[in-house]
Amino acid sequence: MTTRAKRPAPRPPEGTPPPAELARQARAVLAGAARLARWADSVGAGAAGGSLRAGPDGALPKAAAERAAEALGLTPHQVRIDWDRARLAGLVELHDGLARPGWRLRAWDRDDTAVLRGWVALFDAWSLARPAPAGAGPAIVAEVVEALPQLLSLLHLSAGPVRLPVLLDMLDQRVAELRTERCEVPYGQDPGGADEAAAAGDAAGASLAALLDWALDALRTVGALVPPDGAEAAHDASEAQLTPLGNWSVWVKLEQICVAAQSPAGNIEQSAEAMLRGCARLTPGPARAEYRAWLAARSVGAAVEELLTVARGEDALLRGLAFEALRAVGAPAEAAVRAAADEPGLRPYALLWLVEHEGGDPETAPDVLTREESTWLWVDTAAAVADHGETQLLVRHLDSAVQGSVPRLLEEVRAVGHPRTVQVLVALAAAHPDPALAKAVRRAAFQVHTGGV
């Protein structure tokens with residue numbers, strides 16, 4: 001992430017609200033999710049084990065949903081919707097079934113960038129916001145999901161409402177193109193037979209018009225489209241239009257830029273977290289100089305503990321940068337890093353640090369990790385790229401997986417239980433140019449989200 005080419009940041013389209021206003025709108029969309037996440041945090045603080053336990057599929061158990069509904073003045077159905085939103089936006093994370101507040105919840109009231117990233121994570125997972133129409137087969141649903149970026153681009157470029165017949169015509173054309181371009185027939189299977197089977201299944205299911213209604217309704221649910229006539233539940237609107245949040249997010253994706261916080265000035269006077277954020281865009285040499293200057297102004301013990309505290313947070317980019325800064329500390333940090341190796345979330349980073357500190361070859365250092373630890377580290381690194389990097393970096397990150405094939409990677413990623421798995425897979429599916437691979441990744445994200453196999 002530190003070797004990408006520098007270029008001036010493009011200006012958002014005229015009329016785009018400032019980031020503070022966009023964050024206010026994002027907070028409004030996710031107000032119910034944030035409120036429920038805080039409730040879960042307060043209840044979990046008094047629960048046995050220190051956290052509220054979710055069900056096997058990640059959903060709130062019936063008793064917990066009823067308690068939340070009574071406490072917050074909602075229906076259990078509304079609670080379940082807000083719970084799903086909280087998980088997808090990173091306000092709640094599950095660790096071995098225990099619900100804990102995500103780092104975005106802790107930053108919710110003070111960090112507009114964290115709020116916007118949380119909303120973008122929800123936006124990327126729009127297809128999970130509403131169940132697909134009854135009878136719609138997985139193939140046609142996947143094609144509609146793959147076609148939606150083109151429709152969103154049209155809505156963005158139109159800078160205003162677009163009639164539904166226009167969107168339906170574009171959806172029809174794009175789905176036809178996808179069926180022509182895709183190469184997803186397994187070796188040894190008759191391509192003609194596969195196409196005929198898919199076509200028969202699609203003909204028996206929901207129409208493209210019904211699927212377009214589903215997609216637009218889901219996008220309204222996450223706050224990306226303007227509700228028709230102010231009625232969120234309406235399905236008969238004759239046009240669609242992006243909200244300011246939706247328009248800004250599509251523009252960000254089209255420009256392939258990130259909304260990471262800008263580097264603060266005077267890193268030597270900042271906290272460890274602010275210093276690391278300030279170094280995030282620096283190349284390795286200048287970053288090491290910043291680390292050394294920051295360390296020189298502090299006692300070694302206090303600096304090491306502050307860096308490890310940041311590493312224990314939920315921002316994966318800062319976790320990796322914290323251990324880079326600890327490399328600048330050297331031997332005085334060894335005891336603390338060795339102790340950190342007993343913490344599951346820090347163990348892969350700590351083991352790599354120790355190998356390099358003891359003179360091991362950085363190229364072979366990953367060999368010290370178990371398969372599960374390597375997979376966990378792959379997901380954690382992917383989360384950092386998804387939050388702070390560019391689209392191509394996330395796609396290229398696939399090549400660093402130890403599994404050697406995407407199906408095996410997806411199988412082991414699902415099993416490793418990283419709390420950011422769904423968000424990473426949704427972001428990877430949205431970024432990957434191969435429709436067949438993107439569909440497989442999106443299916444895996446849905447299975448993790450719903451607790452499927």
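The model is predicted: local features need pLDDT of at least 70, side-chain atom pairs count only at pLDDT 80 or more, and totals for chains, interfaces and linings use all residues. Residues are numbered from 1 along each chain as its sequence is written, and side-chain values use heavy atoms, with hydrogens and water left out.

Start with the whole chain. Its secondary structure comes to 22 helices and five strands. Both are DSSP runs numbered from the N terminus: helices are H or I with at least four residues, strands are E with at least two. Of the 453 residues, 48% are buried. Buried means under 20% relative accessible area, exposed means over 50%, and partly exposed lies in between (1.4 Å probe, protein chains only). The chain exposes about 21,200 Å², and carbon and sulfur atoms supply 55% of that area. Accessible areas come from the Shrake-Rupley method with a 1.4 Å probe; for residues, only the protein chains shown count as cover. Now the contacts (heavy atoms within 4.5 Å). Among those between residues at least 6 apart in sequence, 66% join residues at least 24 apart.

Turn to helix 13, residues 284-296. Its 13 residues should span 18 Å at 1.5 Å a residue, and the end C-alpha atoms are 18 Å apart, which agrees. The expected span is 1.5 Å times one less than the number of residues. Which residues of helix 13 are buried? They are Ala287, Tyr291, Trp294 and Leu295. Seen down the axis of helix 13, these residues fall within an arc of 95°, so they line one face of the helix. The arc is that of the directions from the helix axis to the C-beta atoms. The cover over the buried residues includes helix 12 (272-279), helix 14 (300-311) and helix 15 (316-329).

Next, charge pairs. Side chains of opposite charge can pair when their charged atoms come close. A salt bridge here is a side-chain nitrogen of Lys or Arg within 4 Å of a carboxyl oxygen of Asp or Glu. The count comes to 20 salt bridges.

One of them joins glutamate 143 and arginine 179, with the closest N and O atoms 3.1 Å apart. This pair links distant parts of the chain: glutamate 143 sits in helix 7 (residues 138-158) and arginine 179 in helix 8 (residues 164-181), 36 residues apart. Glutamate 143 counts as buried because its relative accessibility is 3%. Arginine 179, at 36%, counts as partly exposed.

Glutamate 343 and arginine 312 also meet in a salt bridge, at 2.9 Å, N to O. Glutamate 343 lies in the loop between helix 16 (334-340) and helix 17 (347-357), and arginine 312 in the loop between helix 14 and helix 15, 31 residues apart. Glutamate 343 is partly exposed at 27%. Arginine 312 is partly exposed at 36%.

Arginine 327 and glutamate 324 form a salt bridge at 3.2 Å, N to O. Both lie in helix 15, three residues apart, about one turn of the helix. An α-helix has 3.6 residues a turn, so residues three or four places apart point the same way. Arginine 327 is partly exposed at 29%, and glutamate 324 is partly exposed at 37%.

Last stop: arginine 87, in helix 4 (residues 76-88). Its relative accessibility is 15%, so arginine 87 counts as buried. Leaving aside residues up to four places away in sequence, arginine 87 touches Asp57, Gly58, Ala59, Val92, Leu94, Gln423 and His449.
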